[in-house]
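Keep the sequence and the model side by side.

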Amino acid sequence: MNRGKGYTGIEYLRIVAALFIIAIHTSPLSSVSSTGDFILTRVAARWAVPFFFMTSGYFLISRYGRDAAELIRFVKHTVVVYGAAILLYLPVNLYNGYFDRENPAPQLVRDLIFDGTMYHLWYLPASAMGAAIAWYLVRRLDYRKALTAAFLLYLAGLFGDSYYGIVQGIPGVGGIYRFLFQLFDHTRNGLFFAPVFFVLGGCLADRGVRDRYSRRVCLENGLCGFGVSFALMLGEALLLRLFHVQRHDSMYLFLVPCVYFLFRSILYFRGRRPRYLKTLSLLVYLIHPMMIVVLRLAAKALRLQGLLVENSIFHYLAVCLLSVGTGLAAVILWERWRPLGTERPDGRDRAYTEIDLGNLEHNARVLQKAMPPQCRLMAVVKAEAYGHGAFEIAVHLDRIGVKAFAAATIDEGIRLRKYGIRGEILILGYTEAGRAAELKKYNLMQTVIDADYADALERQKVEVKVHIKIDTGMHRLGIPAAECGRIERIFAMKYIHVCGLFTHLCCADRLTPEDTAFTKGQIDRFYDLLAVLQADGIPLPKIHIQSSYGLLNYPDLRCDYVRAGIALYGVLSSPRDKTLLELDLRPVLSLKSKVVLIRSVGKGESVGYGRAFTAQRDSRIAIVPVGYADGFPRNLSCGQGCVAVGEHRVPVIGRICMDQLAVDVTDARDIAVGDTVTLIGGSGDNVIPAPAVACAAGSISNELLSRLGGRMGSSVFL
């Protein structure tokens, strides 16, 4: 969810981290002060690798996700880089006699999985393994429990690293660690070391959208926390060194808060994302041991060992210069010569929807403010959230605190659970009774559509949560309000747990005297039923009556939920609709495409199927690659619809095709190929409201938006 933001602090600190890692492997102060070098390389520089883990976790680890595709992509990329690095250092391994031992296979397997075939390459398998563990923990346990589990792994690794001297003599415990060290050389690996930092990165990403404090306060708190944590880690390291407790010196207890607060601080710095830095930092990390070898060979050939090798400070600076220079040259060459198609398209090459999540959040807040006290928003996200994208809409609403959702089908509900939505989910429509086990497995609440359906669910002998639908006059789904006995019998069933009662107001969108009287009759019948149930000693579950128009025209009803659908997406169903409450709702969706061709058509020539348009003058016709298969109604053909291009409003001419349409741009001479075309929505003064488009097509916004085709490019989320 964070992709695309310009986190300049992260990007620049990647390079700093890579230079600190070079310091670990070159000991810059070794010829000056052994204690100073220990503090620099074995304490101060230890934040660098965890920072890389945390950065990956920040952009990868989330409780939300359509599937494991992002994790798989990350692991595949890491494995490919690891394979390339192994090949790069193969000559060095051969020169060092890596394969000369009697049976190199066991050691090779250990190195490939845990320790790396070169001393610094352990980071790559650790990154892949740590990401997989963290992803699994967060998706199964959520952040708090996942962080606890990951930290326990870290503690186990800690006693195999800096605190090994404490446990090595303990009967049983020491033996466990000695066994582990036959499987790998260090607990500083992907099993014990990496997961906690991946999870912490995910925690910060999740918390960022809900943080109550300003970025400056987070910066100040982060720097303060980093200073205190680093001081404690320094004291910890010096004490461990004094008492000779350490087996290795990569893992400290206070390293975890130290990296956390440092990472939190740098999130303050945002702006235009610098090019190359991400790739450059990885290259510097990977190639710096090779640069050490090259530098030593060059120093020997030039007889400059005293300056470039024995002088630790100059040695470090020279390795940094060589590594950064070589890495930068490689990046520039790659950018110039890389194959076409290596960049992922942004989805705007044809037709796409633009979703303003800021407007969505605004609408949710406005609706919540209009609700009676103690009433909660139930976000209706059926039909791909009315065509807006169920995953992004539900995830964003969940992030900002909306914890009740409604879907139309059980499969929509299951997808929400798999996306990571953990709040209440009500299935508004019919579900086959035989799928009761799935309702329980995914903790979904099913609508009871009539009394016989309740019996069918009960016969499954599976505990199911339900909301009972009450028919108060719409005569669609539900048990008639007058049949109190049948409703009460459902409350007494063994396997059905009634969590809610609700009805639907069928003409709450109209305020004519007749419709108002009918709606009030529905409301009265529902509340009369509640009174009877209470009189019969049945505790009332959660109740809800209002959908979007129910809230806008009958805002004073006392309920536990408002089922907000079309209003949540910032539009009304029809431009003719008038409501008692006039809320500041903002459209969330825009449908856009672009001009791909402009052609001249002479007077008397026709355009499109059936020659439905004949030019009455010499004309300029623009072709737009979007059609009725994308959800733009064919009813808007032949001048019934229009689109916006820049400041111009131009008519649709001829018949809308399955995949494209034509517009007349004769009077807009500045329109050119590549210009953005807005078919629905937009911003500024030239907005085309969805209700107006739907009305021109003889429909309503609900249908128009929910039918937008899935074959369009990836939605753009603002």
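Helix α17 gives the second largest pocket the largest share of its lining, three residues. Helices here are DSSP runs (H or I, at least four residues), strands are E runs of at least two, and both are numbered from the N terminus. This is a predicted model: local features need pLDDT of at least 70, side-chain atom pairs count only at pLDDT 80 or more, and totals for chains, interfaces and linings use all residues. Residues are numbered from 1 along each chain as its sequence is written, and side-chain values use heavy atoms, without hydrogens and water.

At least two lining residues come from each of α17 (382–387), α24 (548–553) and α26 (701–706). The pocket holds about 660 Å³ of space. Of its 26 lining residues, Lys382, Tyr386, His504, Ser547 and Asn702 are the closest to the centre. (A pocket is an open set of points on a 1 Å grid over the protein atoms alone, where a 1.4 Å probe fits, with protein on both sides within 12 Å along at least five of seven lines; lining residues have an atom within 4 Å of a point. The volume is the space filled by probe spheres set on the points, which are joined across faces, edges and corners.)

Now the strands. β3 (residues 404–407) runs parallel to β4 (residues 424–427), paired over four bridges; DSSP must find at least two for a pair. Ala406 has Leu426 of β4 as its bridge partner. Between β3 and β4 the chain passes through α19 (residues 410–419), a right-handed β-α-β crossover. Right-handed means that, with the strands pointing away from the viewer, the path from the first strand over the helix to the second runs clockwise.

β4 also pairs with β5 (residues 445–448), parallel, over two bridges. There, Ile427 is partnered by Gln446 of β5. With α20 (residues 436–441), β4 and β5 make a right-handed β-α-β unit.
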